[in-house]
Amino acid sequence: MIALTDANNFYVSCERVFNPRLEGKPVVVLSNNDACVVARSNEVKALGVKMGTPLFELRWSETGPGGPSLIQQHQIQVFSSNYALYGDLSRRVMEVLGQFSSEVEVYSIDEAFLGLAGLSCEMVAHHMRLTVKQWTGIPVSVGVATTKTLAKIANHQAKQQGGVCVLFEPAPVLAQLPVSEVWGIGRRLTQRLEAHGITTALHLQQADLALIRQLLGIVGVRTVLELRGVACLPLELCPQPRKSCCVSRGFGRPVASLAELKQAIAAYSATAAAKLRRDHRVAQSMQVFITTNRFRPQEPQYAISETWVLPDPTNDTLTILQAALGAAVRLYRPGYTYHKAGVMMMELSDEAISQGSLFGDETKRERAGRLMEVIDSLNRQFGDGTVRWAAEGLQQGWRMRAEWRSSRFTTRWDELLVAR
């Protein structure tokens, strides 16, 4: 048996852990730059607010200028995304799940598959749910079945029936489930299936494999077999190392000057290099890109990128900074207001076995490595940005808006919760 644990409204639940007054109240969490809704409490869902709703719609009054907005009418609590908090609480949840099984596949920031071979599934599922809630404060739903695809469906049922569902007899549930709700079946594939009378998950389970292969390919055949209880998707206990690393952000306000654009690209480059060192990876090539706001067609539009190969595979911030800043100068064009920029590190390889240049300065490389270790250590101990490069600037007025971000309670000493 395989269990899928999924945190309920994860970002909202994270906000409630350190602010219990939010329990039972409508809460939304916004995307980067406070643009639109990316997480909703059940109370907000009941109001009809959809995922991705722009913030300005929640602020808009249905009764006209001066009237109460949806936020004011229902006292909706609004928060900016707090990724440091969410990432740390996710790590803690996954560590708790590791207490119940040696086979844990972290599927996303709020989901994990667990192998439950030889265990009493229903008892373990209830114990798992209670323990995660007690140790981390995060409520989770647990769905258990014989395959990953069925576990996804069981988890969907668990959210509607008290938090735990062990799916021994899936047929009644599959008969009520639209085929569009099956894991891996998107809108385009749903249209193909419905054209052949396959409208429910049960229809898909009982469909002819030759027809499914014709319509959906081998991936679709695996999905059908999974619905029949034949495991085709094994647990991935050792995630594959990333082949690329991208740091990209929209600006908090339009950027027109080269100086500010260089600051942003320098900051993104430093973040990307730190991520490479954290994962013990080095990059052989990189790309820098900038773009204006395509959602403002009345303004002049411009988007461009530059990709090049680095002399040696590296995760040294100084080397990456120099290359990125040179690209910023070449890409910049006056007369445009820029909305977004990014740095992508590519062709990643293991730091321990990367092949350097035959004529490279090994002493210089070792000194740079020691410097990076010191910088990373200080930033880990005292918080991100404690030590940063001068090219990143001091004021950074271009940074993303995060007007309603809560404190980073678990990762910053100066933002610890105060009890009185």
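Trainee: Over how many bridges do S9 and S12 pair?

Mentor: This is a predicted model, in which local features need pLDDT of at least 70 and side-chain atom pairs count only at pLDDT 80 or more, whereas totals for chains, interfaces and linings use all residues. Residues are numbered from 1 along each chain as its sequence is written, and side-chain values use heavy atoms, with hydrogens and water left out. Strands (E, at least two residues) and helices (H or I, at least four) are DSSP runs numbered from the N terminus, and two strands pair if DSSP finds at least two bridges between them. S9 and S12 pair in the antiparallel sense, and the number of bridges is eight.

Trainee: Which residue in S12 is the bridge partner of Cys-245, and which residue there stands opposite Phe-289?

Mentor: S12 pairs with S10 as well, in the antiparallel sense over 11 bridges. For Cys-245 the bridge partner in S12 is Met-345. Opposite Phe-289 stands Gly-342.

Trainee: In what order do the four strands of this open sheet lie?

Mentor: S10 (residues 281-292) also pairs with S11, in the antiparallel sense over eight bridges. The pairing in the open sheet is antiparallel, and the order of the four strands is S9-S12-S10-S11.

Trainee: Which strands stand at the edges of the sheet?

Mentor: An edge strand here has a single partner strand, so one side of it is left without a neighbour in the sheet. The two in question are strand S9 (244-255) and strand S11 (303-314).

Trainee: By what average angle are neighbouring strands of this sheet turned against each other?

Mentor: Axes are lines fitted to C-alpha atoms, for helices over the stretch in contact, and angles run from 0 to 180 degrees between N-to-C directions. For this average the direction is ignored, and the value is 15°.

Trainee: What angle does the direction of helix H12 make with that of S9?

Mentor: Helix H12 (residues 258-278) packs on the sheet, with contact (heavy atoms within 4.5 Å) to S9, S10, S11 and strand S12 (338-350). Its direction and that of S9 make an angle of about 155°.

Trainee: Which strands does helix H13 lie across?

Mentor: Helix H13 spans residues 317-331 and runs at about 155° to S11. The strands it lies across are S10, S11 and S12.

Trainee: In what order do the strands of the three-stranded open sheet lie?

Mentor: Strand S2 (residues 27-30) runs parallel to S4, joined by three bridges. In S4, Phe-79 is the bridge partner of Val-29. The pairing of the sheet as a whole is mixed, and the order is S3-S2-S4.

Trainee: Which are its edge strands?

Mentor: Each edge strand pairs on one side only. These are strand S3 (37-40) and strand S4 (77-79).

Trainee: At what angle to S2 does helix H1 run?

Mentor: Helix H1 comprises residues 10-17 and lies across S2, S3 and S4. Its angle to S2 is about 110°.

Trainee: With which residue does Lys-159 form a salt bridge?

Mentor: A salt bridge is a side-chain nitrogen of Lys or Arg within 4 Å of a carboxyl oxygen of Asp or Glu, and the structure holds 15 of them. In this pair the closest N and O atoms are 3.3 Å apart, and the partner of Lys-159 is Asp-6.

Trainee: How many residues apart are Lys-159 and Asp-6?

Mentor: Lys-159 lies in the loop between helix H7 (148-158) and strand S8 (164-166), and Asp-6 in strand S1 (residues 2-7). The pair thus links distant parts of the chain, and the separation in residues is 153.

Trainee: Are Glu-415 and Arg-408 buried or exposed?

Mentor: Glu-415 forms a salt bridge with Arg-408, the closest N and O atoms being 2.6 Å apart. Buried means under 20% relative accessible area, exposed over 50% and partly exposed in between (1.4 Å probe, protein chains only). Because Glu-415 is at 15% and Arg-408 at 16%, Glu-415 counts as buried and Arg-408 likewise as buried.

Trainee: In which helix is Val-374 found?

Mentor: Val-374 is partly exposed because its relative accessibility is 48%. Residues 362-382, which include Val-374, make up helix H14.
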